[in-house]
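Me: I would like to learn how to read a structure with two chains, one feature at a time. Could you take me through this one slowly?

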Amino acid sequence: MPARALRITLGLLVTLLAASFVIFGAIYAAPGDPAAFLVGGQEDATPEKLAAVRAAYHLDDPLWVQYGDWIGGVLHGDLGRSMQYHDQVADLVSSRVPTTLFLVSYSAVLFVVAGVALGVLSAVRGGRVDGVVVAVTTLLASIPKFVKALALVAFLGVQWGWFPVTGAGEGFGDRLHHLTLPALSLALGELAVVSRVTRQSMLEQYAQDHVAVARAAGLSEFKVIRRHVLRNALAPVVTMCGLITASLFAGTVVVETAFGISGMGSLLVQAINTHDFPVTQAVLLLMVLAYMLVTTLVDLVHPLIDPRVRLEGSAA
Amino acid sequence: MTLLQAAVPSVATASPEPAKPKRTWPIPVRIAAGFLLLTAASAILAPLLAPYEPDAIDLNASLAPPDGAHVLGTDQSGRDLLSRVLHGAGPSLVAPLALLALASVIGIALGTLAAWHGGWVDAFVSRVTDVMFAFPGLLFVILIVSVFGDGLTTAVVALALAYSPVVAKYTRSIALAERAKPYIDAYRVQGMGGFAICVRRLVPNLAPSLIGYLVLMFGQVLMGMATLSYLGFGAQPPSSEWGLMVKEGQAALVRGALWPALVPGTAIALVVVAFNVVGVRISDRLGVRER
């Protein structure tokens, strides 16, 4: 067990280092002078300004030293200065992280509950119900997120006025109300995969002897499904849900833009439009970090849900 | 005469027995295929079909609802939405096709190289793809766009680079299985070079699986392209690429005008759904192998 955890954590660190190097090194992929690129699109790029950027980024040092300085700063919570807001990037980011985390968690709750429920329904009822679930969820997965977002705004927001169409709201209840449509547009596309994995995993359990034994022992069908089929079918479902939740961070770029929510995703789009590369780097790095952390967590938690993996691990 | 009569029943008895599966397409697939053909035709014939010029501004008819003059209504600047959607079909379909072609050239080359060479080449390609997979969704594309500036060409190249590891991974997995087959050894014994075997024998033999896989990817690629344009990083005005049209129509949404955003949005959704319906059928036919 500890060996497995160590291996997974090491893998995480190596990938994170490589990804952060790609994000940092992107300055040098840009055509022209890196200092001019960092000043970014500003017409008044005086030689003094360029020199200041050159000094702040240690652009005259070797690449490895620069990268070391940058990643060292990041580890101390120093993400550099925004070229646009003349503000610490860390302050800019930290005010927006809670909104994005709230949105991702809310959306994760929605797709897990609805997806597993639909999967159970498909597995238990089968036939026509299964066909309808597959058709509807596949349809939802085939519509891009921004189109779903705008369709939800158009009908539930503007036409019927049930939900606000922009902003993130203040306080828990208001925030929940404001973020319902954004969370829905993130979650709807993921129902297809979650429901199908749940259904498949449950059907595999149905065929096994222990389910027949539970039935023969006189357990009600509800108890058989809940305690024996669903409980044993859970491992792949949890893994899949974890992976999807991790990928939701990237989805916030589109959804926050569509709903005008001031979070990490919309900050990234703004930063690119204003050529504010330090902010772009910081947001990308944090999103990759969030994605990698959640996927690694899924890997680490897997043996706790499925004891069989734990046994295999100890034998090896 | 009697011979003919005798022959008829024998044909009748022969036909119902399923010698091979019937080559008919289910109705949803026919509808979807028909819709795609229609879209392709309208993309080519847009200048003839469109009732207006796609960028003819008529401020008197701003945000007009659908009526006799404008079948699907108009946008903020009074441009006819039907004409814009028809003209937008070209860039909306060609850009994803181009990037998928580029991604498959890079991906197939890398995947075949990794599978054929093995060893450190394989390890290197796998590590590179691993790092690219560490960027979820479109984040890798966004990084490239932030460095090289936006525009349709940058977006196409960036998306192609982002999708090529997916193709490479799949190619590698099926090429490994194919490489182990005896006929490859037979060519090698005949003195055929590694490059020639890969290009002339191995990859052509993988083609059906690869095409089936790429067809399934197309819907996703089209969504990715439209999403980039929606964010403002892909096609630029005055293009009427569908993702860009949705972006431009969004502002009118809060004012109660739903058509400018929903018409191009529906167009994207319909094409992706139709492509997925047809794609699943085609890839089943071609026998896409499980990874």
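This is a predicted model: local features need pLDDT of at least 70, side-chain atom pairs count only at pLDDT 80 or more; totals for chains, interfaces and linings use all residues.

Me: How do I decide whether A:V279 is buried or exposed?

Reply: The idea is to count the C-beta atoms around the residue, and 20 or more of them within 10 Å make it buried. Because A:V279 has 27 C-beta neighbours inside 10 Å, A:V279 counts as buried. If residues up to four places away in sequence are left out, A:V279 touches A:S82, A:V89, A:L92, A:L267 and A:A271. The C-alpha atoms of A:V279 and A:R81 are 7.9 Å apart, although 198 residues separate the two along the chain.

Me: What share of the residues in chain A is buried, and how many helices and strands does the chain have?

Reply: Buried residues make up 38% of the 316 residues in chain A, and its secondary structure comes to 15 helices and zero strands. Taken along the principal axes, the C-alpha atoms of chain A fill a box of roughly 85 × 60 × 35 Å. Among the contacts of chain A with a separation of 6 or more, 68% are between residues 24 or more positions apart.

Me: Into which domains is chain A divided?

Reply: Chain A is divided into domain 1, residues 2-75, and domain 2, residues 96-315, and the C-alpha centres of these two domains of chain A lie 33 Å apart. Their contact takes 16 residues from domain 1 of chain A and 13 residues from domain 2 of chain A. On the side of domain 1 that touches domain 2, the elements of chain A that give two or more residues are helix 1 (2-29) and helix 2 (34-39), and the largest share, eleven residues, comes from helix 1 of chain A. The residues of that side of domain 1 divide into eleven nonpolar, four polar and one charged.

Me: How do I describe two helices that pack against each other?

Reply: Two packed helices are described by the angle between their axes and the distance between those axes. Within chain A, the axes of helix 7 (residues 127-141) and helix 10 (residues 191-206) come within 8 Å and cross at roughly 145 degrees. There A:V133, A:T137, A:T138, A:L140 and A:A141 of helix 7 meet A:L191, A:A192 and A:S195 of helix 10, and the residues of this contact divide into five nonpolar, three polar and no charged.

Me: Now for the two chains together: how many residues does the contact take from chain A and from chain B?

Reply: The contact takes 38 residues from chain A and 34 residues from chain B. On the side of chain A that touches chain B, the elements that give two or more residues are helix 1, helix 8, helix 12 (221-259), helix 13 (264-273) and helix 14 (277-305) of chain A. The residues on that side of chain A divide into 31 nonpolar, seven polar and no charged.

Me: At what angle do helix 8 of chain A and helix 10 of chain B pack?

Reply: Helix 8 (residues 145-159) of chain A and helix 10 (residues 259-286) of chain B pack at an angle of about 140 degrees, with their axes 10 Å apart, and the two helices are therefore oblique to each other. Helix 8 of chain A passes helix 10 of chain B in a left-handed crossing. In this pair, A:V147, A:L150, A:A151 and A:A154 of chain A meet B:A261, B:L262, B:G265, B:I268 and B:A269 of chain B, and the residues of the contact divide into eight nonpolar, one polar and no charged.

Me: What should I look for in the backbone itself?

Reply: Most residues other than glycine have a negative phi, and most peptide bonds are trans. A:H275, found in the loop between helix 13 and helix 14 of chain A, has a phi near 55 degrees, a positive value in a residue other than glycine. A:H275 is partly exposed, because 18 other C-beta atoms lie within 10 Å. In chain B, the peptide bond from B:P237 to B:P238 is cis, with omega near 5 degrees, and B:P238 has its place in the loop between helix 8 (194-231) and helix 9 (242-253) of chain B.

How values were computed:
Residues are numbered from 1 along each chain as its sequence is written. Chains are lettered from A and ligands numbered from 1 in the order in which they are written. Axes are lines fitted to C-alpha atoms, for helices over the stretch in contact, and angles run from 0 to 180 degrees between N-to-C directions. Helices (H or I, at least four residues) and strands (E, at least two) are DSSP runs, numbered from the N terminus. Angles under 35 degrees count as roughly parallel, over 145 as roughly antiparallel, 65 to 115 as roughly perpendicular and the rest as oblique. A crossing is left-handed if the near helix is turned anticlockwise from the far one by less than a right angle, and right-handed if clockwise. Two residues are in contact if their C-beta atoms, placed from the backbone, lie within 7 Å. Ala, Val, Leu, Ile, Met, Phe, Trp, Tyr, Cys and Pro count as nonpolar, Asp, Glu, Lys and Arg as charged, and the others, Gly among them, as polar. A residue is buried if 20 or more other C-beta atoms lie within 10 Å of its own, exposed if 12 or fewer, and partly exposed in between; C-beta atoms are placed from the backbone. Domain bounds come from an automatic or database domain assignment.
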